[in-house]
Amino acid sequence: MGLHDVLAWAPAESVAARLVRQVDFGRLPAHIAVIMDGNGRWAARRRLPRVEGHRAGIDSVRDSVEVCARLGIDVLTLYAFSVENWKRPPAEVRGLMGLLKRYLRLELATLMENDIRLQVIGSEEELAPDVRGELDAAQERTGGNTGMVFNIALNYGGRAEIVAAARRALRAGVDPDELDEARFAGLLYTAGQPDPDLLIRTSGEMRISNFLLWQIAYSEIWVTDTYWPDFRARHLLEAVLAYQKRDRRYGGIEQEPAIVGR
Ligand code: IPE
Ligand code: IPE
Ligand code: MG
């Protein structure tokens, strides 16, 4: 995966093709997390029902997943449905779940072709049996893939994840003196994965909305005004390029040896 895989996919002369040539492949974010926001506003602007915004957002998911896999990103996490999103009208929730099922069915072949492993993060228990069935099938089919991990955050809440991890530690009888950050991180949905280096939020809102609270401690944040259904590979590449200009200090000072070695 790398420059040529993106160039083979992006239309020649496209903005994405131009931007990807500027990427430093030695300094890619290992993990990119995205708060996909603005579907409703995108639809409202077109006088369409909100669900049409969600439908249009599927093309953005497809584009982002493929460009990240081709770039050589290790982990991509997309926030698809929060624990708080159950507050929305039942028809919208039904619409979202229906679109999720359709996406999984239609995209399985692409996930396989790109060697992508799908993993749900969030509590699957509260999801309807048909949605769970589709998710389990997709996770099983892609389970042996060794390329990019695609975390789909569904019925996900950062606080709920932390509480669940604490419960797991207590149930397992972990000695309090032995519970450190690394051990705790291993009890989260993202166990074994690098923390997000880059957190993207679309549609201009400057908030975290209960996403990956533990994991984003030192993520670089990039917010765009673009609504999610308008988000394409070129926007993702813009975010990666902006990320590569950042000076990550982790509380230290510039050029600290410990940072250079990361
Ligand atoms: C993001 O778009 C999709 C989900 C949260 C499922 P929204 O539906 O939140 O769109 P806005 O923010 O209302 O425009
Ligand atoms: C965050 O978007 C959740 C997802 C993208 C799934 P929301 O639209 O639900 O967040 P708020 O309500 O604007 O904070
Ligand atoms: Mg929103």
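Guide: Angles under 35 degrees count as roughly parallel, over 145 as roughly antiparallel, 65 to 115 as roughly perpendicular, and the rest as oblique. The model is predicted, so that local features need pLDDT of at least 70 and side-chain atom pairs pLDDT 80 or more, while totals for chains, interfaces and linings use all residues. Residues are numbered from 1 along each chain as its sequence is written, and side-chain values use heavy atoms, with hydrogens and water left out.

Visitor: Why are α4 and α9 called oblique to each other?

Guide: The axes of helix α4 (residues 50-71) and helix α9 (residues 233-244) cross at roughly 50 degrees and come within 9 Å. Axes here are lines fitted to C-alpha atoms, for helices over the stretch in contact, and angles run from 0 to 180 degrees between N-to-C directions. The helices themselves are DSSP runs (H or I, at least four residues), and strands are runs of E of at least two, numbered from the N terminus. The angle belongs to the remaining class, and α4 and α9 are therefore oblique.

Visitor: What is the handedness of the crossing of α4 with α9, and which residues meet there?

Guide: The crossing is right-handed. A crossing has that name if the near helix is turned clockwise from the far one by less than a right angle, and is left-handed if anticlockwise. D63, S64, V67, C68 and L71 of α4 meet A233, L236 and L237 of α9, where contact means heavy atoms within 4.5 Å. This contact comprises 6 nonpolar residues, 1 polar and 1 charged. Ala, Val, Leu, Ile, Met, Phe, Trp, Tyr, Cys and Pro count as nonpolar, Asp, Glu, Lys and Arg as charged, and the others, Gly among them, as polar.

Visitor: What makes α4 and α5 roughly parallel?

Guide: Their axes lie 10 Å apart at an angle of about 25 degrees. That value falls in the class under 35 degrees, and α4 and α5 are therefore roughly parallel. The crossing of α4 and α5 is right-handed. Among the residues of α4 in this contact are H54, I58 and V65, and α5 contributes residues including L96, L99 and Y103. The classes here are 8 nonpolar, 3 polar and 6 charged.

Visitor: How do you know which term applies to α5 and α6?

Guide: The axes of α5 and helix α6 (residues 129-142) cross at roughly 15 degrees and come within 10 Å; α5 and α6 are therefore roughly parallel. Their crossing is left-handed. Residues of α5 including M97, L100 and L104 meet α6 residues including V131, L135 and A138. By class, this contact has 9 nonpolar, 1 polar and 5 charged residues.

Visitor: What makes a space a cavity, and what volume has the largest cavity?

Guide: On a 1 Å grid over the protein atoms alone, a cavity is a set of points where a 1.4 Å probe fits but cannot get out; a pocket is an open set with protein on both sides within 12 Å along at least five of seven lines, and lining residues have an atom within 4 Å of a point. Grid points are joined across faces, edges and corners, and a volume is the space filled by probe spheres set on the points. The structure holds 1 cavity of 30 Å³ or more, and the largest has a volume of about 40 Å³. R62, V65, E66, E107, T110, L111, N114 and I116 line the largest cavity. The elements giving two or more residues to this lining are α4 and α5 (90-113).

Methods. Chains lettered and ligands numbered in written order.
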